[in-house]
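Let's take a walk through this protein one piece at a time. Have the sequence and the 3D view open, and follow along as each part comes up.

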Amino acid sequence: AGARDGCPSAFVAPTERQSAPFCRDYWPGTGPDHCVVYAIGIGNVWGFEDGIADRLQCVIEAFDPTVNLREAHEAHAHRNIRFHYAGLSNVRGNASAASAARAETTHNWYGAVDPR
């Protein structure tokens with residue numbers, strides 16, 4: 001891995017909890033005051049989010065409107081990760097007819113969550 005893969009330096013290798021390598025060069029900083037990740041559509045797979053929260057100490061704002069995964073998502077415990085039972089849509093309102101989760105457009109969504 002390296003520049004030929006789009007990463008100026010080497011990729012950071014995955015760990016047991018992190019599911020994929022990532023390019024550290026493109027992260028703005030480390031720690032909760034410098035790094036916020038908005039993760040949309042968790043699907044109860046937390047490897048990337050846990051890895052970034054552990055290794056870079058980023059704040060993770062995790063979103064998923066899946067009804068049958070809500071309880072598992074809300075039970076996921078990590079000091080730098082906050083789960084939101086909500087999703088993205090092209091209109092504001094409920095995520096779907098079968099979901100009570102709130103849906104927001106990207107225009108209304110970014111900045112609506114205070115990661116601090």
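Predicted model: local features only at pLDDT ≥ 70, side-chain atom pairs only at ≥ 80, totals over all residues.

Start with the whole chain. There are 116 residues, and 39% of them are buried. The chain has 3 helices and 6 strands, and if you trace them from the N terminus, the order reads β-α-β-α-β-β-β-β-α. The accessible surface comes to about 6700 Å², with 51% of that belonging to carbon and sulfur atoms. Now take the contacts between residues at least 6 apart in sequence: 41% of these join residues at least 24 apart.

Next, find helix 1, which covers residues 47-56. How much of helix 1 is covered? Mostly, as it turns out: 7 of its 10 residues are buried. The buried ones are Gly-47, Glu-49, Asp-50, Gly-51, Ile-52, Ala-53 and Leu-56. And what lies over them? The cover includes strand 1 (36-40), strand 2 (59-63) and strand 3 (81-84). Just past the end of helix 1, have a look at Gln-57, which takes a positive phi of about 60 degrees.

Cys-35 sits in the segment before strand 1 and Cys-58 in the loop between helix 1 and strand 2, so the pair ties together parts that are 23 residues apart in sequence. The angle about the S-S bond is 85 degrees, which makes the link of Cys-35 and Cys-58 right-handed. Cys-35 and Cys-58 are both buried.

Now for the charged residues. Side chains of opposite charge can pair when their charged atoms come close. How many salt bridges does a search of the whole structure find? It finds 2.

One of these pairs is Glu-61 with Arg-82, where the closest N and O atoms are 2.3 Å apart. It links distant parts of the chain, with Glu-61 in strand 2 and Arg-82 in strand 3, 21 residues apart. Is Glu-61 buried or exposed? Its relative accessible area is 0%, so Glu-61 is buried. Arg-82, at 33% relative accessibility, counts as partly exposed.

The other pair is Glu-74 and Arg-70, whose side chains meet at 2.9 Å, N to O. Both lie in helix 2 (residues 70-75), 4 residues apart, or about one turn of the helix. Arg-70 has a relative accessible area of 34%, so it is partly exposed. Glu-74, with 47%, is partly exposed as well.

Definitions and conventions:
Residues numbered from 1 in each chain as written. Heavy atoms only, no water. Buried < 20%, exposed > 50% of the residue type's maximum accessible area, 1.4 Å probe, protein only. Helix = DSSP H or I, 4+ residues; strand = E, 2+ residues; numbered from the N terminus. Contact = heavy atoms within 4.5 Å. Disulfide = S-S within 2.5 Å. Areas by Shrake-Rupley, 256 points an atom, 1.4 Å probe, with all protein chains shown as cover. Salt bridge = Lys/Arg side-chain N within 4 Å of Asp/Glu carboxyl O.
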